[in-house]
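Here is a short report for a reader meeting this protein for the opening time. Please look through the structure, then read on.

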Amino acid sequence: MPEGPAVPATSVALVEDDRATRERLAASVRAQSSLELVAEYTRGADALAGLALRAPDVLLVDLGLPDMSGLELIRFAAERHPECDILVISIFGDEANVLAALEAGARGYLLKGSLQHDIAFDIQDLRNGGSPLSPVIARQMLKRLRITRREALSKKTGEEETTLTAREAEILNAISRGFSYAETAQMLGVSVGTVHSFLKRVYRKLAVHSKTEAVFEANRLGLIR
(Lines give C-alpha, C1' and ligand atoms only; values in the text may rest on other atoms or scores of the structure.)
Protein backbone atom coordinates (compact mmCIF):
# COMPACT_ATOMS: atom_id res chain seq x y z
CA MET A 1 0.00 0.00 0.00
CA PRO A 2 1.47 3.42 -0.93
CA GLU A 3 2.01 5.71 2.01
CA GLY A 4 0.26 9.09 2.13
CA PRO A 5 2.14 12.37 2.14
CA ALA A 6 4.13 12.97 5.30
CA VAL A 7 2.60 15.44 7.73
CA PRO A 8 5.07 18.30 8.30
CA ALA A 9 6.30 18.70 11.85
CA THR A 10 4.98 21.59 13.92
CA SER A 11 7.72 24.23 14.12
CA VAL A 12 8.38 25.64 17.59
CA ALA A 13 10.42 28.65 18.69
CA LEU A 14 11.37 29.14 22.33
CA VAL A 15 12.09 32.43 24.10
CA GLU A 16 13.39 31.83 27.63
CA ASP A 17 16.36 33.33 29.46
CA ASP A 18 16.44 30.84 32.34
CA ARG A 19 18.85 28.13 31.23
CA ALA A 20 17.34 25.24 33.20
CA THR A 21 13.82 25.98 32.01
CA ARG A 22 14.96 26.52 28.43
CA GLU A 23 16.86 23.24 28.32
CA ARG A 24 13.95 21.32 29.83
CA LEU A 25 11.44 22.75 27.35
CA ALA A 26 13.79 22.28 24.42
CA ALA A 27 14.41 18.64 25.34
CA SER A 28 10.68 18.03 25.59
CA VAL A 29 10.07 19.48 22.13
CA ARG A 30 12.98 17.60 20.54
CA ALA A 31 11.73 14.32 21.98
CA GLN A 32 8.57 14.52 19.85
CA SER A 33 8.90 13.55 16.20
CA SER A 34 5.81 15.65 15.41
CA LEU A 35 7.57 18.80 16.68
CA GLU A 36 10.61 20.64 15.37
CA LEU A 37 12.48 23.17 17.50
CA VAL A 38 13.52 25.79 14.95
CA ALA A 39 14.89 28.49 17.26
CA GLU A 40 15.94 29.18 20.85
CA TYR A 41 16.31 32.73 22.13
CA THR A 42 17.40 34.17 25.47
CA ARG A 43 16.76 37.82 24.59
CA GLY A 44 13.66 39.53 23.26
CA ALA A 45 15.59 41.57 20.68
CA ASP A 46 17.01 38.42 19.11
CA ALA A 47 13.56 36.86 19.05
CA LEU A 48 12.11 39.93 17.33
CA ALA A 49 14.80 39.72 14.65
CA GLY A 50 14.15 36.03 14.15
CA LEU A 51 10.37 36.46 13.96
CA ALA A 52 10.83 39.16 11.34
CA LEU A 53 12.39 36.52 9.11
CA ARG A 54 10.44 33.40 9.96
CA ALA A 55 7.28 32.62 11.89
CA PRO A 56 7.05 29.32 13.77
CA ASP A 57 3.78 27.45 14.15
CA VAL A 58 4.10 27.82 17.92
CA LEU A 59 5.94 30.42 19.99
CA LEU A 60 6.75 29.59 23.62
CA VAL A 61 7.59 32.82 25.40
CA ASP A 62 8.48 33.98 28.89
CA LEU A 63 7.34 37.42 30.07
CA GLY A 64 10.38 38.30 32.19
CA LEU A 65 13.06 38.68 29.53
CA PRO A 66 16.30 40.53 30.38
CA ASP A 67 15.99 43.24 27.72
CA MET A 68 12.22 43.73 27.31
CA SER A 69 8.82 42.55 28.42
CA GLY A 70 7.60 39.41 26.73
CA LEU A 71 4.36 41.31 26.13
CA GLU A 72 6.10 43.37 23.46
CA LEU A 73 7.21 40.20 21.74
CA ILE A 74 3.72 38.71 21.94
CA ARG A 75 2.18 41.80 20.34
CA PHE A 76 4.75 41.75 17.54
CA ALA A 77 4.20 38.06 16.80
CA ALA A 78 0.41 38.30 16.98
CA GLU A 79 0.26 41.29 14.64
CA ARG A 80 2.90 40.12 12.17
CA HIS A 81 2.00 36.41 12.21
CA PRO A 82 -1.64 35.89 13.25
CA GLU A 83 -1.40 32.20 12.31
CA CYS A 84 1.28 31.64 15.00
CA ASP A 85 -0.01 30.10 18.25
CA ILE A 86 1.56 31.86 21.23
CA LEU A 87 1.89 30.12 24.59
CA VAL A 88 3.18 32.00 27.65
CA ILE A 89 5.28 30.09 30.18
CA SER A 90 6.04 32.37 33.11
CA ILE A 91 6.49 32.69 36.85
CA PHE A 92 4.12 35.67 36.84
CA GLY A 93 0.60 34.56 37.68
CA ASP A 94 -0.98 37.84 38.71
CA GLU A 95 -4.17 38.94 36.99
CA ALA A 96 -2.60 42.02 35.38
CA ASN A 97 0.08 40.02 33.53
CA VAL A 98 -2.31 37.23 32.55
CA LEU A 99 -4.91 39.61 31.10
CA ALA A 100 -2.26 41.70 29.37
CA ALA A 101 -0.73 38.61 27.72
CA LEU A 102 -4.07 37.24 26.54
CA GLU A 103 -5.15 40.64 25.24
CA ALA A 104 -1.81 41.00 23.43
CA GLY A 105 -2.44 37.76 21.53
CA ALA A 106 -1.36 34.79 23.65
CA ARG A 107 -3.64 31.77 23.31
CA GLY A 108 -2.51 29.98 26.44
CA TYR A 109 -0.79 30.73 29.75
CA LEU A 110 1.11 28.25 31.90
CA LEU A 111 2.92 28.88 35.17
CA LYS A 112 6.41 27.43 35.41
CA GLY A 113 5.70 26.01 38.83
CA SER A 114 2.68 24.06 37.60
CA LEU A 115 4.26 22.33 34.59
CA GLN A 116 3.49 18.79 35.70
CA HIS A 117 3.52 17.06 32.32
CA ASP A 118 5.30 17.19 28.98
CA ILE A 119 4.94 20.57 27.26
CA ALA A 120 4.37 18.67 24.02
CA PHE A 121 0.84 17.85 25.22
CA ASP A 122 0.09 21.55 25.68
CA ILE A 123 1.50 22.35 22.24
CA GLN A 124 -0.72 19.69 20.70
CA ASP A 125 -3.72 21.08 22.58
CA LEU A 126 -2.87 24.57 21.31
CA ARG A 127 -2.62 23.38 17.70
CA ASN A 128 -5.95 21.59 18.04
CA GLY A 129 -7.67 24.85 18.93
CA GLY A 130 -7.37 24.65 22.71
CA SER A 131 -6.13 27.26 25.17
CA PRO A 132 -3.85 25.63 27.76
CA LEU A 133 -4.20 27.35 31.12
CA SER A 134 -2.73 26.45 34.49
CA PRO A 135 -5.56 25.68 36.97
CA VAL A 136 -4.88 28.81 39.03
CA ILE A 137 -5.01 30.93 35.85
CA ALA A 138 -8.29 29.32 34.78
CA ARG A 139 -9.78 30.13 38.18
CA GLN A 140 -8.63 33.74 37.85
CA MET A 141 -10.35 34.02 34.47
CA LEU A 142 -13.59 32.56 35.84
CA LYS A 143 -13.42 34.96 38.79
CA ARG A 144 -12.89 37.89 36.42
CA LEU A 145 -15.90 36.84 34.34
CA ARG A 146 -18.07 36.63 37.45
CA ILE A 147 -16.90 40.06 38.64
CA THR A 148 -17.57 41.56 35.21
CA ARG A 149 -21.06 40.09 35.18
CA ARG A 150 -21.80 41.35 38.68
CA GLU A 151 -20.54 44.81 37.79
CA ALA A 152 -22.86 44.83 34.79
CA LEU A 153 -25.72 43.69 36.99
CA SER A 154 -24.90 46.31 39.64
CA LYS A 155 -24.90 49.01 36.97
CA LYS A 156 -28.25 47.80 35.76
CA THR A 157 -29.73 47.66 39.25
CA GLY A 158 -28.33 51.11 39.95
CA GLU A 159 -30.34 52.45 37.05
CA GLU A 160 -33.41 50.35 37.64
CA GLU A 161 -33.90 48.17 40.70
CA THR A 162 -34.23 44.48 39.88
CA THR A 163 -37.41 42.94 41.27
CA LEU A 164 -39.16 39.61 40.87
CA THR A 165 -42.89 39.17 40.58
CA ALA A 166 -44.61 37.09 43.25
CA ARG A 167 -44.89 34.13 40.88
CA GLU A 168 -41.24 34.39 39.80
CA ALA A 169 -40.14 34.46 43.44
CA GLU A 170 -42.39 31.48 44.28
CA ILE A 171 -40.92 29.39 41.50
CA LEU A 172 -37.33 30.35 42.26
CA ASN A 173 -37.87 29.68 45.96
CA ALA A 174 -39.15 26.20 45.16
CA ILE A 175 -36.22 25.50 42.85
CA SER A 176 -33.77 26.75 45.49
CA ARG A 177 -35.20 24.22 47.95
CA GLY A 178 -34.44 21.36 45.61
CA PHE A 179 -37.85 20.77 44.04
CA SER A 180 -37.82 19.64 40.41
CA TYR A 181 -39.60 21.58 37.66
CA ALA A 182 -42.41 19.01 37.68
CA GLU A 183 -42.79 19.15 41.48
CA THR A 184 -42.75 22.95 41.42
CA ALA A 185 -45.44 22.99 38.72
CA GLN A 186 -47.64 20.59 40.70
CA MET A 187 -47.27 22.58 43.94
CA LEU A 188 -48.19 25.85 42.25
CA GLY A 189 -50.89 24.42 40.00
CA VAL A 190 -49.21 25.41 36.74
CA SER A 191 -47.65 23.53 33.83
CA VAL A 192 -43.99 22.61 33.58
CA GLY A 193 -43.79 24.86 30.53
CA THR A 194 -44.99 27.78 32.65
CA VAL A 195 -42.24 27.08 35.19
CA HIS A 196 -39.65 27.16 32.40
CA SER A 197 -41.07 30.41 31.02
CA PHE A 198 -40.94 32.15 34.38
CA LEU A 199 -37.39 30.93 35.02
CA LYS A 200 -36.28 32.35 31.66
CA ARG A 201 -37.64 35.74 32.73
CA VAL A 202 -35.72 35.44 35.99
CA TYR A 203 -32.51 34.61 34.09
CA ARG A 204 -32.91 37.74 31.98
CA LYS A 205 -33.59 39.96 34.97
CA LEU A 206 -30.61 38.64 36.92
CA ALA A 207 -28.27 38.37 33.90
CA VAL A 208 -27.53 34.69 34.58
CA HIS A 209 -27.62 31.50 32.54
CA SER A 210 -28.52 28.70 34.96
CA LYS A 211 -30.80 28.01 37.90
CA THR A 212 -27.79 27.71 40.23
CA GLU A 213 -26.59 31.19 39.26
CA ALA A 214 -30.15 32.52 39.52
CA VAL A 215 -30.56 31.22 43.08
CA PHE A 216 -27.16 32.63 44.07
CA GLU A 217 -27.85 36.10 42.65
CA ALA A 218 -31.40 36.25 43.99
CA ASN A 219 -30.17 35.36 47.46
CA ARG A 220 -27.40 37.93 47.22
CA LEU A 221 -29.88 40.63 46.22
CA GLY A 222 -32.35 39.58 48.90
CA LEU A 223 -35.04 38.68 46.38
CA ILE A 224 -35.76 35.23 47.87
CA ARG A 225 -35.35 33.60 51.25
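Helices (H or I, at least four residues) and strands (E, at least two) are DSSP runs, numbered from the N terminus. This is a predicted model, in which local features need pLDDT of at least 70 and side-chain atom pairs count only at pLDDT 80 or more, while totals for chains, interfaces and linings use all residues. Residues are numbered from 1 along each chain as its sequence is written, and side-chain values use heavy atoms, with hydrogens and water left out.

## Overview

The protein has 10 helices and five strands. Buried residues make up 40% of its 225 residues. Buried means under 20% relative accessible area, exposed over 50%, and partly exposed in between (1.4 Å probe, protein chains only). Contact means heavy atoms within 4.5 Å. Among contacts between residues at least 6 apart in sequence, 63% join residues at least 24 apart.

## The core

A nonpolar core is a set of buried Ala, Val, Leu, Ile, Met, Phe, Trp, Tyr and Cys residues joined through side-chain atoms within 4.5 Å. The largest one here holds 27 residues, and Leu 59 and Ile 74 touch the most other members. Helix H3 (residues 70-80) gives the largest share of this core, four residues. In soluble globular proteins, nonpolar side chains tend to be buried together.

Which residues does Leu 59 contact, leaving aside its neighbours within four places in sequence? They are Ala 13, Val 15, Leu 51, Ala 77, Cys 84, Asp 85, Ile 86 and Leu 87.

## Ala 52 and His 81

Ala 52 sits in helix H2 (residues 44-53). His 81 lies in the loop between H3 and strand S4 (85-90). The two are 29 residues apart in sequence and 9.3 Å apart in space, C-alpha to C-alpha.

Is His 81 buried or exposed? His 81 is buried, because its relative accessible area is 12%. Ala 52 has 42% relative accessibility, so Ala 52 counts as partly exposed.

Not counting residues up to four places away in sequence, His 81 touches Leu 51, Ala 55 and Phe 76. With that exclusion of residues up to four places away, Ala 52 touches Phe 76 and Arg 80.

## Leu 133

Leu 133 is in the loop between helix H5 (119-127) and helix H6 (135-159). Its relative accessibility is 32%, so Leu 133 counts as partly exposed. Leu 133 and Leu 87 are 46 residues apart in sequence and 9.3 Å apart in space, C-alpha to C-alpha. Not counting residues up to four places away in sequence, Leu 133 touches Gly 108, Tyr 109, Leu 110 and Ala 138.

In helix H4 (residues 95-104), Val 98, Ala 101 and Ala 104 are buried. Seen down the axis of H4, the buried residues fall within an arc of 135 degrees, so they line one face of the helix. The arc is that of the directions from the helix axis to the C-beta atoms. An α-helix has 3.6 residues a turn, so residues three or four places apart point the same way. The face turned away from the buried side of H4 carries the exposed residues Ala 96 and Glu 103. Just after H4, Gly 105 takes a positive phi of about 135 degrees.

Helix H10 (residues 211-220) has the buried residues Ala 214, Val 215, Glu 217 and Ala 218. Just after H10, Gly 222 takes a positive phi of about 70 degrees.

## How helices pack

Axes are lines fitted to C-alpha atoms, for helices over the stretch in contact, and angles run from 0 to 180 degrees between N-to-C directions.

| Helix pair | Angle | Axes apart |
|---|---|---|
| H7 (residues 166-176) and H9 (residues 192-206) | about 100 degrees | 9 Å |
| H8 (residues 181-188) and H9 | about 105 degrees | 8 Å |
| H1 (residues 19-30) and H5 | about 65 degrees | 8 Å |

Angles under 35 degrees count as roughly parallel, over 145 as roughly antiparallel, 65 to 115 as roughly perpendicular and the rest as oblique. H7 is therefore roughly perpendicular to H9. H8 is roughly perpendicular to H9. H1 and H5 are roughly perpendicular to each other.

In the contact of H8 with H9, Tyr 181, Ala 182, Thr 184 and Ala 185 of H8 meet Val 192, Val 195, His 196, Leu 199 and Tyr 203 of H9. In H1, Leu 25, Ser 28 and Val 29 meet Ile 119, Ala 120 and Ile 123 of H5.
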